[in-house]
Amino acid sequence: MTLSKSAPTGSYTLTLTNPDHTSAHCTGCVAVIAAPKLASITPSSVTRGSVTPVTMTGTGFAPGLTFVGPNGVMFTQVQYVSPTSATAVLGVNLAAATGSDLRITVVNDLAAGAGRDSEALLTIS
């Protein structure tokens with residue numbers, strides 16, 4: 001089964017057609033779930049070698065979500081708070097590159113559709 005990335009969210013009926021042209025229908029067996037959208041991280045600026053509690057906001061967050069940062073950045077103790085908020089501990093190793101507009105990716109758990117979003121929200125100095 002293939003879905004377009006632009007498929008509207010919602011439940012769909014799945015129809016399976018056999019080689020002998022008989023078919024079966026399953027109403028609501030396929031659901032298109034909106035991907036999460038990352039809007040902010042607070043604080044948005046950290047230093048190399050730091051370990052900082054952070055809050056991420058956005059939409060479409062689901063239990064089991066994870067966050068991925070640039071090389072040298074790790075998110076641990078990720079906690080789903082609500083569909084619009086999550087917390088974590090952000091660790092930045094001493095070899096991490098410095099810069100602004102560094103990308104953070106949010107990934108929802110497979111049970112929530114495994115959607116992802118990546119935004120340039122982090123500054124490391």
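## Basis of the values

Residues are numbered from 1 along each chain as its sequence is written. Because the model is predicted, local features need pLDDT of at least 70 and side-chain atom pairs count only at pLDDT 80 or more, while totals for chains, interfaces and linings use all residues, and side-chain values use heavy atoms, with hydrogens and water left out.

## Thr-105 and its strands

Thr-105 lies in strand E9, residues 99–107, where strands are DSSP runs of at least two residues, numbered from the N terminus. Thr-105 is buried, with a relative accessible area of 15%, buried meaning under 20% and exposed over 50%, with a 1.4 Å probe and protein chains only.

E9 pairs in the antiparallel sense with strand E6 (residues 66–68) over three bridges and with strand E10 (residues 116–124) over seven bridges; pairing requires that DSSP finds at least two bridges between two strands. Val-68 stands opposite Thr-105, and in E10 the bridge partner of Thr-105 is Ser-118. The side chains of Thr-105 and Ser-118 are also joined by a polar contact of 3.2 Å, that is, a pair of N or O atoms within 3.5 Å, one able to donate a hydrogen and the other to accept it.

## Met-1 and a surface patch

Met-1 lies in the segment before strand E1 (10–17) and is exposed, with a relative accessible area of 74%. Together with Leu-3 and Leu-14, Met-1 makes a nonpolar surface patch of about 340 Å²; patch residues have over 30% relative accessible area and no salt bridge, with nonpolar side chains joined within 5 Å and like charges within 9 Å.

Definitions and conventions: Accessible areas come from the Shrake-Rupley method with a 1.4 Å probe; for residues, only the protein chains shown count as cover. A salt bridge is a side-chain nitrogen of Lys or Arg within 4 Å of a carboxyl oxygen of Asp or Glu. Helices (H or I, at least four residues) and strands (E, at least two) are DSSP runs, numbered from the N terminus.
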